[in-house]
Amino acid sequence: MELTDISNDINEWFDGSGPLSDIVVSSRIRLARNLAGYKFLSRCSNNEKSEILDKLRDIMMSLDLGDKVFYVSVDKAPTLNKHFLVERHLISRHHAFGKGPRGVVIAQREFFTAMINEEDHLRIQVLKAGCQISQCARQINRIDDMIEKKVSFAFNPRYGYLTACPTNVGTGIRVSVMLHLPALKITGQIEKFFNAAKDMNLAVRGLFGEGTEAASDLYQLSNQTTLGVSEEQIVSRFEKTIIPEIVEYENAARSQLLRKQSDVLDDKISRAMALLQNAHLISSQEALFLLSHLRLGINMHRHMGASTPAIEKLHALCSADEPDKASPLSIATINRLFMLTLPAHLQLNYGKPLDSTHRDALRAQIIRSALNQQDPRKS
Amino acid sequence: MQCQICHKNDATIHLTEIVDGARTEMHICEQCAVEQDIAVKSHIPINELLSNLLAVQPSEDELASPSERDLVCPNCGFTLAQFRKEGVLGCPRDYEVFEKTLLPLIEKAHDSKTAHCGKVPSKAPGDTKKQMELLSLRQQLDAAVQSEDYELAAKLRDKIKQSEQ
């Protein structure tokens, strides 16, 4: 199993399916664990780290997950592969560019990964499409139980699962959802989301971009409190309070765009189509920004029945992924373009490193050919 | 209250400015706040949160007891100075060794909570597991009483009694 076996397509968790997926792109839960009887990594020698790595890798590779798993030795991986794993959300930046013996076990369908020797000895994550937080919770709990049959984790009755950083102690759980919030951004209300997150004691991070103002309008929202609240309480708060509130904000902004600012909406979608269908050089940031507007248009058509002139034109575009069926452009196609035109994906799939001009040209070419498929019904 | 700028939306942001003793108040909506560039910056990444927490901890000279300052974990040789520098602990035992210093930090990071409530490893000794269950039940009871859900509170009380027997 090579990284190139997964790098030329997207996997289930990013294919635009799942509940509420017009706004909640994906759900993820991560658990932080440390082996009992070992020091935390900051005090471990490389020999001790290797011992932990071997032990945990063997256990992770032998788990019955219903999917093939493969292992990547992160410390020995080429830089391009490290960037790829970060782009793909399979490992953290900290893990990619950390120190000492470390690795990651990945299920081929990417719903499960286990980072070994990141900040804690073990960080397992489960990833699913759309809003499926309780499903992630059930699955990761089962996997955690399987692992606990084979090792003992550092645990203290008062503080729960002990982690290297006290900000993760207790349950060691981090619930994150990836949200697409273009209408809040266009209508100038994204601060409303930031403030809501702050009031609910949640952390926000912009994805696929620099800083918090993500070019892709994709944001990651995560819990910060891990002690004194149970896993179930955290999950239920996301499902019953947090997600409905944010979804309501974004939907209100989408309705507002449609009712009061349809010229603004049409301008964004038309510009995105024109540039993406015709550009010969396009940066990653620009592509993410424009693809976000296409994603908004398609979702507004599908979920709100919106039909402005630009949305109708967008809907008539056919997906190059299914030329025989002449299916309308799908969210899966847009997501595929999102992911496959990121810098490391481009280069890994091309087979060698490319400078930024060549990347911009290749990116533009991939997007053009995906969007310029003619509708055979019209010819 | 209406926004003083657009006179359309509800004012949800209330600013009080005191310049040379003269006090002015402003009541505006979120949209106008963004346009005026006075929106409250909100998001705090977890690592920034931690370094902020560490920064407000008393410095080494200010620590109440010099013994804590010079404390070395007998298990991993870790010191508080290293924690301040790296932001991570040296071994599971550090939670007990440096408890006095860590506790206020943990409280701040976890919304004033200081005791685990949630999953307990199946391998935890029986009494630990029972202890944790009781702790969790008591926390739920507390929440039920606070939200005046007396029916749930009664059920939880019975469960606690049962567990204690």
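In strand β4 of chain A, residues 112-116, A:Ile116 is the bridge partner of A:Gly103. The model is predicted; local features need pLDDT of at least 70, side-chain atom pairs count only at pLDDT 80 or more, and totals for chains, interfaces and linings use all residues. Residues are numbered from 1 along each chain as its sequence is written, while chains are lettered from A and ligands numbered from 1 in the order in which they are written.

β3(A) and β4(A) pair in the antiparallel sense over four bridges. Strands pair if DSSP finds at least two bridges between them. Strands (E, at least two residues) and helices (H or I, at least four residues) are DSSP runs, numbered from the N terminus. The hairpin of β3(A) and β4(A) has four residues between the strands. There, A:Glu110 takes a positive phi near 70°. Strand β2 of chain A, residues 69-73, also pairs with β3(A) in the antiparallel sense, over five bridges. A:Val69 stands opposite A:Ala107 of β3(A).

Five of the five residues of β3(A), residues 103-107, are buried, so the strand is largely enclosed by the rest of the structure. A residue is buried if 20 or more other C-beta atoms lie within 10 Å of its own, with C-beta atoms placed from the backbone. A:Gly103, A:Val105 and A:Ala107 point one way from β3(A). A:Val104 and A:Ile106 point the other way.

Helix α8 of chain A covers residues 231-260. Its 30 residues should span 44 Å at 1.5 Å a residue, and its end C-alpha atoms are 42 Å apart, which agrees. The expected span is 1.5 Å times one less than the number of residues. α8(A) has a kink of about 40°, centred on A:Phe238. The bend at a residue is the angle between axes fitted to the seven residues ending there and the seven starting there. A:Phe238 is one of the buried residues of α8(A), which also include A:Ile242, A:Ile246 and A:Glu250.

Chain B has eight helices and two strands. Along the sequence, its pattern is β-β-α-α-α-α-α-α-α-α. Of its 165 residues, 20% count as buried.

The contact between the chains takes 46 residues from chain A and 43 residues from chain B. Two residues are in contact if their C-beta atoms, placed from the backbone, lie within 7 Å. On the side of chain B that touches chain A, α1 (30-35), α2 (46-56), α6 (99-109) and α7 (126-146) of chain B give two or more residues.

Methods: Buried ≥ 20, exposed ≤ 12 C-beta atoms within 10 Å, placed from the backbone.
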